[in-house]
Structure formats: structure tokens, C-alpha cells
Amino acid sequence: MMLVQKYTLSPGTPYSTSYYVAASARPGPTVMIVAGIHGKETGSIQAARKLVAMIRKDQLRIRKGSLIIVPIVNKKAYRQRIRGVPDLNRTFPRRTGQTAKHPLSAALFEVAERYHPSWYLDLHEANGLSQQSSKVLGQTLITNPGSRSVPAARKIIRGINRTLRVKSHSFHLRLHELPGSSRTAAARILGARAVTVETGWSLPFSTRVQYQIDIVRSFLSEAGVTKG
Ligand SMILES: [Zn+2]
């Protein structure tokens, strides 16, 4: 059984929230997974919570390295089921030495700096279906142009799309630099292979949760943290 350590981010503040660390005895890569930077993206939040439970129940086995999961970054926004004000995903540091513009993003980024993950997955949800329009972000993986995560992201999209029964749910890759976002901060400042996972709002809740879990599991396998 994998021991999952529970910690608190921003203890004693209105932003207090739990995060979890599962570390294998065998050295290996560190993968950090965050969800709920936007409080109303409940499918991604549920997926992150489920992943913690799966590790605890040994349904997801960490064979080397470690995994850090922050299931609900912005609990205050989550309680109200709102995106959050200000948009936390514009407050992360934009370059080395710059501090975050919000106490919560500062606390989250401190954890990221401490563990220095080689992979960083930021789970979100968005409007639309990428198969139907290039202007929407629902059903996409997003990474920064030139990111070392591009080959893995493309491979994972191919794998997921092959198994789809509904063609309109297909995932697509988007390359985008978003200063102030947690993905771009993790990539620029920590040198992590950072990817944002966006499922489409319009899909049923359980479907979105399952896509999120499948994609995270694919990345864990690519990173070598779990067996494929
Ligand atoms: Zn979001």
C-alpha cells in the first residue's frame, strides 16, 4: 500500500487547502498535478480527488519517483463554484525572481519550487469542443511553444482519440504562452514539462472526470512514474 502524506497549503488563512504527496522508495521523476485554480471546473477537481483515492487504494501504483497532488487550489472559489476573483491563473510569477501577485498562487508556487517537478499538469475545464472549432479550448492539451512535453502530449492525444467512441470528443494540442499562468510559470521558471488539460464543459460530468483521469494516467506512464 502506498503511503499518501497529507499537508496543508496556506494553513490558517482563508485559502487553506490540502495537498498530497505519494513518494516511492525508488528514485525517479516528480510529477505535480494541480486542479481547482479555477473554482468552478468541477470535473477536473473531482478527477484530482479520485486520483488521490486511487493511490490510497492501490488502484494506481507509483513504481518510482513521486507524485504531488493539489486537488482544489482555490477552495474559496470552489465553495462558490466560481472561477475566482482575481483570476488566479494570471497571478503566477512571470520570470525567475518575480513574486506571485496573490498569496495563494505564491503558496502554490513555493510548493512547486520545493519539489521541483519534472512534469507539471494543470487540470482545467473550458467551453466548446476543439474538434468543432479551433477557437475553443474544451478537449485540448495546452503547452508552451517549444516545450519538451510536445512529443508526449501528441502521443497521449493520439492514444486517447483512438479509443473514443464519439469523434466530436477528440482532443487537440494547442501551443500557447500565457504569462502569469501556473503552466507557463512551471515551464519558464522551473523548467518543467508543463501541460494544461482542458475538458469540455458541455460533456456529462462523469465523462469529463474520466477523460481527465485517463489523460493524467497516460502522462504518469510517459513520465515513468507508473507502469503503462
Ligand atoms: Zn480553468
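What is the geometry of the zinc ion's site, given the angles among its four donor atoms? The site is irregular, with angles of 58 to 145°. Four donors count as tetrahedral if all angles lie between 85 and 135 degrees; four count as square planar and six as octahedral if opposite donors are over 155 degrees apart and all others between 65 and 115; anything else is irregular. The model is predicted: local features need pLDDT of at least 70, side-chain atom pairs count only at pLDDT 80 or more, and totals for chains, interfaces and linings use all residues. Residues are numbered from 1 along each chain as its sequence is written, and side-chain values use heavy atoms, with hydrogens and water left out.

The zinc ion takes its protein donors from His38 (ND1), Glu41 (OE), Glu41 (OE) and His124 (ND1). Donors are N, O and S atoms within 2.8 Å of the metal (3.2 Å for Na, K and Ca); water is not among the atoms, so sites may look incomplete. Along the chain, the donors follow the spacing H-x2-E-x82-H. Glutamate 41 lies in the loop between β3 (30–35) and α1 (42–56), and histidine 124 in strand β5 (residues 119–126), so the pair ties together parts that are 83 residues apart in sequence. Helices (H or I, at least four residues) and strands (E, at least two) are DSSP runs, numbered from the N terminus. Glutamate 41 is buried, at 2% relative accessibility. Histidine 124 is also buried, at 2%. Buried means under 20% relative accessible area, exposed over 50%, and partly exposed in between (1.4 Å probe, protein chains only).

Helix packing was examined next. Two packed helices are described by the angle between their axes and the distance between the axes. Axes are lines fitted to C-alpha atoms, for helices over the stretch in contact, and angles run from 0 to 180 degrees between N-to-C directions. The axes of α1 and helix α6 (residues 205–223) come within 8 Å and cross at roughly 55°. That makes α1 oblique to α6. Angles under 35 degrees count as roughly parallel, over 145 as roughly antiparallel, 65 to 115 as roughly perpendicular and the rest as oblique. The crossing of α1 and α6 is right-handed. A crossing is left-handed if the near helix is turned anticlockwise from the far one by less than a right angle, and right-handed if clockwise. Residues of α1 that meet α6 include Thr42, Gly43 and Met54. Their counterparts in α6 include Phe205, Ile213 and Arg217. Contact means heavy atoms within 4.5 Å.

Helix α6 also packs against α4, at an angle of about 135° and with the axes 10 Å apart. The two helices are therefore oblique to each other. The crossing of α4 and α6 is right-handed. From α4, Ala152, Ala153, Lys155, Ile156 and Ile160 take part. They meet Asp214, Ile215, Ser218, Phe219 and Glu222 of α6.

For helix α3 (residues 103–115) and helix α5 (residues 182–190), the axes come within 11 Å and cross at roughly 40°. That makes α3 oblique to α5. This crossing is right-handed. Phe109, Ala112 and Glu113 of α3 contact Ala185, Ala186, Ile189 and Leu190 of α5. Helix α5 is mostly covered, with seven of its nine residues buried. Among them are Ser182, Arg183 and Thr184. The cover over the buried residues of α5 includes β3, α3, β5, β6 and β8 (193–200). Glycine 191 follows α5 and has a positive phi, near 70°.

Serine 149 sits in the loop between β6 (140–143) and α4 (150–163). Serine 149 is buried, with a relative accessible area of 0%. Beyond residues up to four places away in sequence, serine 149 touches Trp119, Thr143, Arg193, Ala194 and Val195. Serine 149 and alanine 194 are 45 residues apart in sequence and 6.8 Å apart in space, C-alpha to C-alpha.

Several backbone features lie in loops. Valine 85 and proline 86 are joined by a cis peptide bond, with omega about -5°. Proline 86 is in the loop between α2 (75–80) and α3. Aspartate 58, not a glycine, has a positive phi of about 70°. Aspartate 58 lies in the loop between α1 and β4 (66–70) and is partly exposed, at 24% relative accessible area. Histidine 116 has a positive phi near 45°. Histidine 116 is in the loop between α3 and β5 and is partly exposed, at 47%.
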